[in-house]
Amino acid sequence: MKSGSNLEKVLASGNPAVTAELGPPMSASPEEVIHKAKLLKGFCDAANITDCQTAVVRISSIAAAKIALDQGLEPVMQMTCRDRNRIAMQADLLGAAALGLKNCLCIAGDHQSFSAAGRLKGHPGAKNVYDVDSIQLAGILKKMRDEGLQEGGDKIEEAPRFFIGSAWTPGGDPMDYRPYRLKKKVDAGSDFIQTQGIYDVEIFRRQMKKAVELGVTERTAVLGGIIVPRSAMMLKYMDNAVAGVSVPKELIERMAKAKEAAGDDKKKARELQEAEGIKITVELIKQVLDIPGVKGVHIQAIEWESAIEGIVKEAGLYPRPGV
Amino acid sequence: MSEVEAEEKNNEVCVPEKTHFPPCRDACPVNTDIQSYVWLIGEGRYEEALDVIRSVNPIASACSLICHHPCEQQCRRCDVDQPVSIRPLKRFALEQATEYRRKKRRAVPKTRDKSIAVIGSGPSGLTAANDLADLGYGVTIYEKNPDLGGMLSSAIPTYRLSREALKEDIDDVLSKGVESVTDCNIGHDITLEELKEKHDAVLIAVGLAESRSLPIPGVEGPGVLLAIPFLFNAAYNKPTGMGKNVLVIGGGNVAVDVARTALRLGADKVEMVCLESEEEMPAWDWEVEEADDEGVKVHHRWGPKAVRRDGDSVKGLDVVKVTSVFDENGRFSPSFDEENKQLMEADTIIITIGQMSNYDFLKGSNVERDERGLIKWDRETQMSTERGIFVSGEVVTGPGSAIAAAASGHRSARAIHLYLEGQDIAQGLHAVEKARIDKLPQDVAEKVHRVSRNETELLDPKTRCREFVQIEIGYDELTALKEARRCRSCGGGAIVDQNKCMACLTCLRVCPYDAPVVTNVSYISPDRCQACGLCAPECPGRAISMFGYDINSIRREMPSTVGKAEPSRKDPVVVAFMCSRYALDKTVSIPANIRKVQVHCASRIDILDILKAFESGADGISVVMCDSEGCRHPGVAGIVAKRLKQAQGLIGPLGIGSEAISYIRAAEGQDWGKSLTESASKVSVRNK
Amino acid sequence: MIVGSQKPLDEIWEMAKGFKKVLVFGCNTCVAICHAGGDKEAQTLASLLRTRAVQEGLDMTVDSMAVQRHCEPEYFEPVMDKVRKYDMVLSTACGVGVNFLSGRIGNVHVYPGINTSFYGAVEAPGVFTELCAGCGDCILHMTGGICPVARCSKTLMNGPCGGTDKGKCEIGKEVDCAWYLIVERMKALGTLEQLAEVRPPRNWSPGTAGGPRRLTIEHLMDMEESEE
C-alpha cells in the first residue's frame with residue numbers, strides 16, 4: 001500500500017472503483033460540506049473535493065476535505081498549480097497528510113480569467129502562479145512519498161503518503177498526442193487517473209486502446225469521468241464550450257425529446273430531463289466500465305450530489321465494497 | 001509660447017533639394033525644373049510656375065512656342081502612352097501669369113563698375129545680357145537689325161512666334177536696365193576695338209545670320225533667293241522678290257519656315273526639294289506635318305544640279321536622283337544617280353541649305369579663326385583667342401536650337417563674371433553632374449493611370465496658311481490642368497532622412513509602386529517613385545519628406561486656413577481637403593463655412609494635418625478625393641479612408657463625434673459639391 | 001521588438017493636466033515600429049493634448065520632440081537641456097525609456113505615455129504578437145522553437161493541459177495553444193519523442209522572479225580609459 005487509502009484498497013481488490021465529487025461552498029460555514037458529505041457517504045469509495053474550481057474562491061480543498069473526512073467520507077483532495085508555488089504546495093501537502101488526507105489529485109487548474117463568468121466577478125486580475133505544472137506536481141508528491149525528500153532536496157522527517165492522482169482529457173487536441181501525455185503523467189508518478197467527462201464512448205475506447213498499448217493501464221488505474229447531464233442545454237454547452245468534451249448528437253436529441261414531452265410545464269421538463277440524464281449516466285457508466293484498462297468511474301453530479309445515490313444503485317455499483 | 005520652439009521646428013519648411021534629374025530636365029539644355037513647373041500648373045499656381053521657368057530661361061516665351069522640346073522626347077510617359085505636352089503647358093503658364101510677370105519687372109541696381117558689350121541679341125546674347133545684368137553689371141547689346149531678338153525676330157515666322165510673345169522676353173531683359181543699340185553693325189557702325197575700349201569685356205553672340213548659297217549654274221540673278229534675307233524681308237513687310245510658283249531647296253526647319261512663309265505671302269504653289277528621304281529629313285516631324293497640312297509638297301531624294309533660266313526668269317530646277325545621303329561612317333556624303341534626272345518647274349527658288357556667319361568685323365583683332373573658318377575658342381572658358389573677348393551661341397557651336405544657344409549664353413555670362421572677378425574660369429564653370437533618373441521600370445509603367453495626351457489645337461490649315469497668325473490655339477484652363485496632371489513627377493517624389501529611419505518597413509508596405517528599398521534603412525528609388533505622397537504621412541519616425549512639396553505646409557498654414565471661428569457661429573467650420581481636380585473647379589461653389597485646403601492628391605493628408613485643424617478650432621474636416629477610377633495612383637482612396645477612420649478614433653476621447661470626419665469619393669459627373677455641403681452640415685458646432 | 005500601445009487619452013490627460021509646459025518625447029526605434037510612440041505619434045499626442053487643453057480652458061504648452069532611442073544616453077543627452085525646460089516630460093518611449101530618462105533627467109517629472117506590453121514580432125502588417133518572455137533561460141531547442149513561457153497561459157513545461165480547444169487556448173479563441181503548436185511542430189520535425197521525458201520543475205530565478213537583471217560585458221566597459 002502506498003497510502004492505505006480506501007480508494008487504493010478498493011482498486012487493489014480488483015473491484016471497479018467509484019469516486020464522486022463534492023463542491024465546497026463560498027462560505028465560512030462548514031454546514032454545506034457536512035450536508036454534501038452525508039449525501040455521498042457510502043455511495044462512493046472516495047469523493048473529490050474541488051480546489052477553487054474555475055478559479056472561484058470557495059473553502060479550500062484541504063479544509064473541506066478534513067470536514068468531509070470527519071463525517072466519514074474519504075476525500076480526494078485536489079491541488080491546482082494556479083494558486084500556489086512549490087513551497088506552499090509542499091507545506092500544504094505536509095499539513096494535509098498530518099490531517100489524515102490520503103488521496104491527492106494534481107491538476108493545472110483553470111486560468112483565473114474563468115472566474116469572471118455569469119454573475120460572478122471573480123478575480124480575473126489575480127497573478128497566477130504556475131510555478132510547476134500538474135505533471136511536475138505529481139513528481140513532487142512521489143518524491144516526497146517515496147524518497148522522503150522535498151523538491152529542492154531537503155529531507156522530510158515523516159514522509160506524506162499520498163495516493164497520487166492526475167487528470168486526463170482523452171478527447172483533447174492534439175488527440176493523437178494525448179495517450180503519450182498520459183504516459184508522462186504515469187511516469188511522473190500518477191497512481192490513478194480521472195478523466196474529463198466522457199459522452200462519446202467510441203473516442204474514449206480508441207484512446208484507451210492506445211493507452212493499453214503504451215503499457216499505461218498496468219501502472220495506473222484509469223477511472224472514466226462521467227458528468228451527469230441535467231438538461232439538453234447543459235449537454236449542448238458541454239459540447240460547444242468545454243474543451244475536450246464532445247457529445248454525440250443522439251444524446252442531445254434524447255434530452256431534447258425529454259424536454260419537449262413536458263410541453264410548457266417547466267417543472268415537469270426539469271424532472272423529465274433529469275430522469276433522462278440519470279438514465280444516460282447509468283448507460284455511460286456501464287459502457288465505460290466495459291472498456292479494457294478502465295478500473296472505475298468518476299461520477300460528477302455538479303451541485304447535484306443528491307443524485308449520486310440513485311445513479312450508483314441503478315448502475316449496480318451499490319453497495320460499495322468494504323475493504 | 002514655447003521656449004524651446006519644438007513645435008515650430010516640427011512645422012518648419014521642409015523641401016529638400018532634388019538629388020536627381022529626370023530625363024526631361026536632363027534633356028533640357030538649361031536643365032529647367034520641368035517637374036516643378038508642371039506640378040505648379042496642375043495646382044493652379046501659374047505665377048510660381050512662371051518663376052520656376054524664368055529662373056533659368058530668359059527666352060521663356062519664345063521657347064514656349066518654338067522650342068523643339070527635347071524634354072517631351074525624353075518624357076517617361078513615352079513608355080506608357082504619350083509624353084506630357086510640356087511646351088504648350090509652359091506657354092499656358094506664361095500667358096496666364098502675364099500681369100504678374102510685367103509687375104515684377106524692375107531695374108537691377110548696377111553694383112559693379114564694369115560693363116560688358118554683347119554683340120547680337122539672339123537667344124545666347126539675350127541670355128548673357130540677362131545674367132550679367134542680374135549680377136549687377138552694366139550691359140549694352142549691339143544688334144545689327146532694327147529689332148532685338150536675332151533669328152527669333154527676323155527669321156522665325158510670326159505664325160510660330162508672335163511679336164507679342166517675343167516682346168515679353170525682350171522687355172524682361174531690357175527692364176533690368178540693359179542698354180541696347182539697334183541698326184548697329186559691328187565693323188561698320190562701330191568697331192571691335194571701340195567696343196573693347198568702351199567696355200571691360202565683349203561677348204560675340206552674332207549667331208549664323210547669313211544663308212549659304214549653292215555653287216550651281218544659274219544661281220546668280222533674280223528669282224533665286226536666300227533663306228535669311230527672304231525671311232527678314234517677310235518679317236519687315238519688305239518686297240521679297242518672290243513669284244507665284246516657289247521651290248524651296250532644303251530639308252531643315254528653316255526650309256519648312258521658308259516654304260510656309262511663301263504660302264502666306266501669296267504663292268500659288270509651294271514645294272520643297274531635299275536630298276533626304278522622309279525619315280532622314282532633319283526638320284522636326286510636327287513642322288513637316290503642319291506644312292503638309294497646309295499643302296506644301298516635299299520631293300525627297302533629289303539633288304539640285306542647276307537653275308534653269310529663260311533669259312532672266314527662272315524656269316525651274318534641274319535635279320538628279322540621290323542614291324544615298326550618308327556614307328558608311330554616317331558622314332554627310334551624298335551620292336547621285338546621274339541618269340535619273342528631271343526638271344522641277346518653278347519661278348522662284350529659295351535656297352535654304354544652311355547658315356554661316358560674316359567674320360569681317362574680326363579684321364585687325366586678335367580673335368583667330370580655326371581651320372574650318374569658325375572662331376577659335378576655348379570650350380572650358382568660353383573665351384576667344386583674344387583676352388576679354390568671349391563667344392557664345394551658334395557662331396561657335398554650329399547650328400542648334402534656341403534653348404541650346406541660351407545655355408551657351410548662361411555659360412558665357414558666368415565665364416565673363418569669373419574673368420572680371422579675376423577668378424579661374426575653367427574651374428568656376430565646372431558643373432557638378434546630377435544623378436539621372438533611369439527608364440521607367442515595366443511594372444511601374446503598368447500601374448500608371450492611363451490618360452491620353454491632350455493635343456493643342458491648330459487653326460484650320462486651309463485658312464491659316466494665308467495669314468501670319470499664331471497657328472497654335474493654346475490650352476484652356478481645364479485642359480491645361482488635365483494635361484499637367486499627366487506628369488508623373490519624376491524626381492519630385494519622396495526622400496528618406498536616413499538618420500531618422502529605423503527600417504520599420506511601413507513605407508514599403510504602403511507604396512503602390514514598390515519604390516522603397518529597405519536594408520538597415522529605407523532608400524526610395526527615384527526611378528520608381530511616382531510622388532503619390534502616401535508614404536510621408538505614414539512614417540512613424542517622420543523620416544520621409546517630398547522633393548516636390550513641403551510636407552509641413554498644410555499644418556503650418558492651418559491656423560490661417562481655419563481663420564476665426566466665431567463662438568456664436570451657426571454653421572460649423574469644416575476644413576475640406578480637396579484634390580486639386582476639385583479645388584480648382586470654378587463651376588462648383590462652396591459655402592463660406594467650408595475652408596478649402598488644396599492637395600495634389602488625398603494621399604498627402606496627414607493625421608497631424610487633421611488634428612491641427614481641430615486644434616485650430618475647426619468643428620470638422622472632410623476630404624474630397626477621386627474614386628479609384630479617377631485617381632492618378634492606385635490604392636489611395638482605400639488608404640486615406642483607413643487614415644480617416646484612425647483619426648475618428650483619436651478625436652473620440654476629445655468628445656468629438658465621428659461625423660466630424662467624413663470623405664467623398666467623387667466619381668465622374670458626380671455633384672460632389674452637394675455631397676460635401678451635406679456632409680459638412682452634419683458636423684456639430686463645438687462649444688468653446 | 002518591444003511592443004506597446006498608447007495609453008487612452010483620458011488617462012494621459014489626467015497625468016498631464018496639472019502641468020503648464022509639457023513635452024511629448026518620442027522614440028524612433030521599437031515604439032515607432034509598432035506605431036505607438038515614434039515622432040509621428042508623439043506629434044499626434046501633442047496635438048490632441050493641445051486641443052484638449054483648449055477645450056478645458058487650460059493654459060498649457062504642449063510641444064513634441066523625438067530622438068532615435070531612449071535607451072542609450074548618447075541619443076538623448078544632446079537635447080537634455082531643452083528637455084529639462086519643461087515641467088513634465090510625457091515619454092512615449094517604452095518603459096525602459098521612461099525609467100532611464102527618469103534616472104538621468106534630475107528634478108523633472110517623466111510620465112509614461114504608452115503601456116509597454118511585450119517582446120513581439122510582426123505577424124502581418126498591423127498584427128504584433130508576443131513571442132518571448134525574457135525568462136533568461138531559453139529552452140526553445142526543446143520545444144521546436146515555440147516558447148511555453150511566453151505563449152502558454154499557464155507556463156506549462158509538460159503541456160498541453162486539458163483546456164486546448166481546436167488548437168486554441170482556453171483563455172480565448174484568438175490565442176493559439178502553444179503546446180498544440182509545439183507538439184505539431186516537433187511531430188513535423190520528427191523530434192516528438194523528446195517530449196516523452198518529464199521536464200522537472202524549472203528554475204525561474206534567471207527570469208524576473210529572481211529580481212531585476214543586469215548584464216555586463218567586460219570589454220565594452222570603461223572604453224575611454226583603455227590604454228591600447
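Where in chain C does C:His35 lie? I found C:His35 in the loop between helix 2 (30-33) and helix 3 (39-56) of chain C. I take helices (H or I, at least four residues) and strands (E, at least two) as DSSP runs, numbered from the N terminus.

Conventions. I am working on a predicted model, in which local features need pLDDT of at least 70, side-chain atom pairs count only at pLDDT 80 or more, and totals for chains, interfaces and linings use all residues. Residues are numbered from 1 along each chain as its sequence is written, chains are lettered from A and ligands numbered from 1 in the order in which they are written, and side-chain values use heavy atoms, with hydrogens and water left out.

Entry 1, positive phi. I looked up the backbone of C:His35 and noted a positive phi near 50 degrees in a residue other than glycine. C:His35 counts as partly exposed because its relative accessibility is 31%; the cut-offs are under 20% relative accessible area for buried, over 50% for exposed and partly exposed in between (1.4 Å probe, protein chains only). A:Cys52 sits in the loop between strand 2 (46-49) and helix 3 (61-70) of chain A. With a relative accessible area of 16%, A:Cys52 is buried.

I found the bond from A:Asp173 to A:Pro174 to be cis, with omega near 0 degrees. A:Pro174 belongs to the loop between strand 5 (163-168) and helix 6 (178-188) of chain A. I also noted a cis bond from C:Gly159 to C:Pro160, with omega near 0 degrees. C:Pro160 is in the loop between helix 7 (148-151) and helix 8 of chain C.

Which residues of helix 12 (residues 307-314) of chain A are buried? I listed A:Ala307, A:Ile308, A:Ile311 and A:Val312. After helix 12 of chain A comes A:Gly316, with a positive phi near 75 degrees.

I placed C:Leu220 in the segment after helix 8 (178-189) of chain C. C:Leu220 counts as partly exposed, at 45% relative accessibility.
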